[in-house]
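Please examine the sequence and the model below. The paragraphs that follow consider helix packing, the nonpolar core and some points of backbone geometry.

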Amino acid sequence: MAPAPLKRSAGGDATGVASLVVAPTILHVAPHPDDEAVGCPGALLHLRDRGWTVVSLVASLGFSGQWERRRAEAEDAAERAGFVAVFLDPPLNLDLDGDLDLATRRVAAELPAIVESHGASIVVSPSPHDVHHGHEAVGRGVQRAVAALPPTLRWWMWGVWGDLPAPNVYYGYDVGVLDRALHILDAYGGELERNDYRPFLSGRAAANAVMGSERVFGFGSPAASAHPYADLVTEVRLVDGRFMASEPHHLDQGPEPPDRYDVDLTPWLDAPTAHELVGYIREVREGEVRDEAAGS
Ligand SMILES: [Zn+2]
């Protein structure tokens with residue numbers, strides 16, 4: 001069966017649509033195993049349903065004593081989702097006391113070849129401002145990698161621990177999709193035991209449906225969808241070396257032609273994070289709370 005592309009303008013243009021039609025692949029970069037189930041799972045499942053290949057790159061596996069369990073959980077989750085699991089080898093060390101700059105450099109250096117080997121046309125990751133130190137380190141690395149990849153590539157950023165200031169893609173979904181996302185998240189029994197993210201997943205998706213309507217399409221806009229849940233991402237693409245935001249759109253509608261990309265998000269992406277401005281605030285180091293400093 002031929003994979004179904006996103007519904008976009010017939011005939012394509014010079015923006016990479018043709019490659020989407022031939023081999024649509026989206027590559028999700030999870031700083032921790034479980035982030036692919038939390039960041040924008042509804043949108044990933046939708047593309048999977050449409051025939052896209054969803055590659056789930058897992059960048060870290062927690063502390064070395066956890067590697068085996070967390071890798072097994074990630075493989076189970078990928079099987080449940082129908083995603084292709086890929087693991088950075090060796091896993092990144094995203095501990096607060098680890099070398100986070102090294103983690104960023106490794107993502108920047110290793111991601112381009114992974115993107116190219118899978119022929120991915122979209123890369124998904126946390127934004128570099130996602131508050132959790134591991135998410136920010138990976139998001140910053142993805143930013144550098146995207147800057148080195150062809151400008152046809154689209155980069156989606158989600159916000160889990162930190163809000164996105166400028167989401168521009170809305171995907172509304174129903175309880176059936178939410179249940180599938182929860183089923184994927186359920187593969188991470190070890191993490192859910194520490195802190196149960198299931199109500200976070202459903203509550204955040206419900207909040208996204210309401211506030212996302214206005215934050216994506218403009219304050220004062222009506223509800224964007226009749227569905228009770230939504231995923232939001234910020235989509236950018238490199239135009240003349242700048243990270244330009246897509247026009248606000250529903251996932252299936254695709255962005256407007258690139259000549260309308262006039263919001264330059266580069267200054268936001270390049271801006272220092274809150275941590276870089278004021279230092280770490282609420283981070284817990286290994287041994288302080290149940291040896292689980294890595295968090296989600
Ligand atoms: Zn995480």
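In this predicted model, helix α7, spanning residues 175-185, packs against helix α9, spanning residues 198-217, at an angle of about 150° and with the two axes 10 Å apart. Helix α7 is therefore roughly antiparallel to α9, because angles over 145 degrees fall in that class. The crossing of these two helices is right-handed. On the α7 side, the residues involved are Leu178, Ala181, Leu182 and Leu185, which meet Arg198, Leu201, Ser202 and Ala205 of α9. Classified by residue type, this contact comprises 6 nonpolar, 1 polar and 1 charged residues.

The pair belongs to a protein chain with 11 helices and 10 strands. Of the 296 residues in that chain, 45% count as buried. Contacts across the sequence can be described as well: when residues at least 6 apart are considered, 73% of the contacts join residues at least 24 apart.

In soluble globular proteins, nonpolar side chains tend to be buried together. Here the largest nonpolar core contains 72 residues. Ile26, Leu27, Val29, Val123 and Val124 are the residues with the most contacts inside that core. What does Val123 touch, leaving aside residues up to four places away in sequence? Its partners are Leu27, Val29, Val115, Val142, Val146, Leu153 and Trp155. Two of these partners, Leu27 and Val29, are themselves listed among the residues with the most core contacts.

The backbone also deserves attention. Most residues other than glycine have a negative phi, and most peptide bonds are trans. The bond from Asp89 to Pro90, however, is cis, with omega near -5°. Pro90 is placed in strand β3, which covers residues 84-92.

Positive phi values occur at Asp34 and Asp240, neither of which is glycine. Phi is near 120° at Asp34, a residue in the loop between β1 (25-30) and α2 (35-38). At Asp240, phi is near 50°, and this residue is found in the loop between β7 (229-239) and β8 (242-245).

Terms used:
Residues are numbered from 1 along each chain as its sequence is written. This is a predicted model: local features need pLDDT of at least 70, side-chain atom pairs count only at pLDDT 80 or more; totals for chains, interfaces and linings use all residues. A nonpolar core is a set of buried Ala, Val, Leu, Ile, Met, Phe, Trp, Tyr and Cys residues joined through C-beta atoms within 7 Å. A residue is buried if 20 or more other C-beta atoms lie within 10 Å of its own, exposed if 12 or fewer, and partly exposed in between; C-beta atoms are placed from the backbone. Two residues are in contact if their C-beta atoms, placed from the backbone, lie within 7 Å. Helices (H or I, at least four residues) and strands (E, at least two) are DSSP runs, numbered from the N terminus. Axes are lines fitted to C-alpha atoms, for helices over the stretch in contact, and angles run from 0 to 180 degrees between N-to-C directions. Angles under 35 degrees count as roughly parallel, over 145 as roughly antiparallel, 65 to 115 as roughly perpendicular and the rest as oblique. A crossing is left-handed if the near helix is turned anticlockwise from the far one by less than a right angle, and right-handed if clockwise. Ala, Val, Leu, Ile, Met, Phe, Trp, Tyr, Cys and Pro count as nonpolar, Asp, Glu, Lys and Arg as charged, and the others, Gly among them, as polar.
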